[in-house]
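The entries follow the order in which I went through them.

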Amino acid sequence: MTTLVLGHKSPDTDSTGSPIIWAWYLSEVKGTPAKPVLLGEPNTEAAFVLRHWGLDKPAIIADVTADDSVVIVDTNNPAELPPSINDSKITAIIDHHLLVGGIKTKNPIDITIRPLACTATIMHDLMGDAVARAPKAIKGAMLSCILSDTLEFRSPTTTPHDRAVAEKLAADLGVNINELATAMFEAKSDVSAFSDAELLRMDSKEYTVAGKELRVSVLETTAPKVVLDRKDSLMASMVGVAEEDGADQVLLFVVDIIKEEATLLVPNDLVKQIAEASFGCTVTGDTVVLPGIMSRKKQIIPALKL
């Protein structure tokens, strides 16, 4: 049986690259046939990483079955996984997010959840000496995942270990970290081809806050004006996206990678109340700038309240 290695819906670079990395390790090192799969189209940065390292885009699947053996990476949240995930034969979880709960397994499994910035960093550690055997493209995917999740070490989730692993990989590959990260962020910032609804779902997670179902979306960019120039249509589209996804509200944080700040779109009183209660700010218009806010995992989600 071939094990499916998958990350979360709306796959970013880590949730695209880490399934590829771990499927290689299982197949080539552990002797367990495995293949990476995605739960949607990779975002523009992830697509660039695949092209840059000459990696095939994994197949996109909508669900799993009771016969599927599955390794879950870069999430442990059932809301971000296939509808039938609890029916499948889950064998392992590798993640760096808070423990949500709700996943049920048929047998005891291997679980590794560590407070690091990137799943690929954890995989590097778990693989040990086998990293030396990895092809250039696998090491490149690992480096790219770390640079993405740490925003080239700007994110407050970055640990010294994430940075050390990235620098070690870059030296091994002969890669200039700044040049690679710049190219990745430029690719991530090119959102011109996406509809408003696609942007709102591009890097999005579901959370419940004070009884409200929220879709918390983040767009990390070096060109925030491109997104903010569309704020009126984005806010108008939030209504339909929330309705279709069974949410009460969509929150969109536009993260300026260079200035290291986030702009939250404020379409209504509910978002205004959330913003002021969560971040201690005063909202006077339809946007509010949140200095220093860059990480959904570490700074946004833990702060949300109403």
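Entry one. Working from a predicted model, I looked up the handedness with which α2 and α6 cross, and found the crossing to be right-handed. I then noted the residues in contact, which are Thr44, Glu45, Phe48, Val49 and His52 on the α2 side and Leu180, Ala183, Met184, Phe185, Ala187 and Lys188 on the α6 side. Sorted by class, this contact holds 7 nonpolar, 2 polar and 2 charged residues. For the geometry I have helix α2 (residues 44–52) packing on helix α6 (residues 177–189) at an angle of about 135°, with the axes 7 Å apart, and the two helices are therefore oblique to each other.

Entry two. I turned to α4 and helix α5 (residues 160–173), whose axes come within 9 Å and cross at roughly 145°, and I recorded this crossing as left-handed. From α4, Lys136, Lys139, Gly140, Met142, Leu143, Ile146 and Thr150 meet a set in α5 that consists of Asp162, Val165, Ala166, Leu169, Ala170, Asp172 and Leu173. By class I have 8 nonpolar, 2 polar and 4 charged residues in this contact.

Which residues have the most contacts inside the largest nonpolar core? I found Met127, Phe253 and Leu304, in a core of 75 residues, to which helix α4 (residues 136–150) gives the largest share, 8 residues. Apart from this core lies another, of 16 residues, with Val191, Ala247, Val254 and Leu265 among them. Leaving aside neighbours within four places in sequence, I listed the contacts of Phe253, including Val216, Leu219, Leu264, Phe279 and Ile300.

Note on methods:
Residues are numbered from 1 along each chain as its sequence is written. This is a predicted model: local features need pLDDT of at least 70, side-chain atom pairs count only at pLDDT 80 or more; totals for chains, interfaces and linings use all residues. Side-chain values use heavy atoms; hydrogens and water are left out. A nonpolar core is a set of buried Ala, Val, Leu, Ile, Met, Phe, Trp, Tyr and Cys residues joined through side-chain atoms within 4.5 Å. Buried means under 20% relative accessible area, exposed over 50%, partly exposed in between (1.4 Å probe, protein chains only). Helices (H or I, at least four residues) and strands (E, at least two) are DSSP runs, numbered from the N terminus. Contact means heavy atoms within 4.5 Å. Axes are lines fitted to C-alpha atoms, for helices over the stretch in contact, and angles run from 0 to 180 degrees between N-to-C directions. Angles under 35 degrees count as roughly parallel, over 145 as roughly antiparallel, 65 to 115 as roughly perpendicular and the rest as oblique. A crossing is left-handed if the near helix is turned anticlockwise from the far one by less than a right angle, and right-handed if clockwise. Ala, Val, Leu, Ile, Met, Phe, Trp, Tyr, Cys and Pro count as nonpolar, Asp, Glu, Lys and Arg as charged, and the others, Gly among them, as polar.
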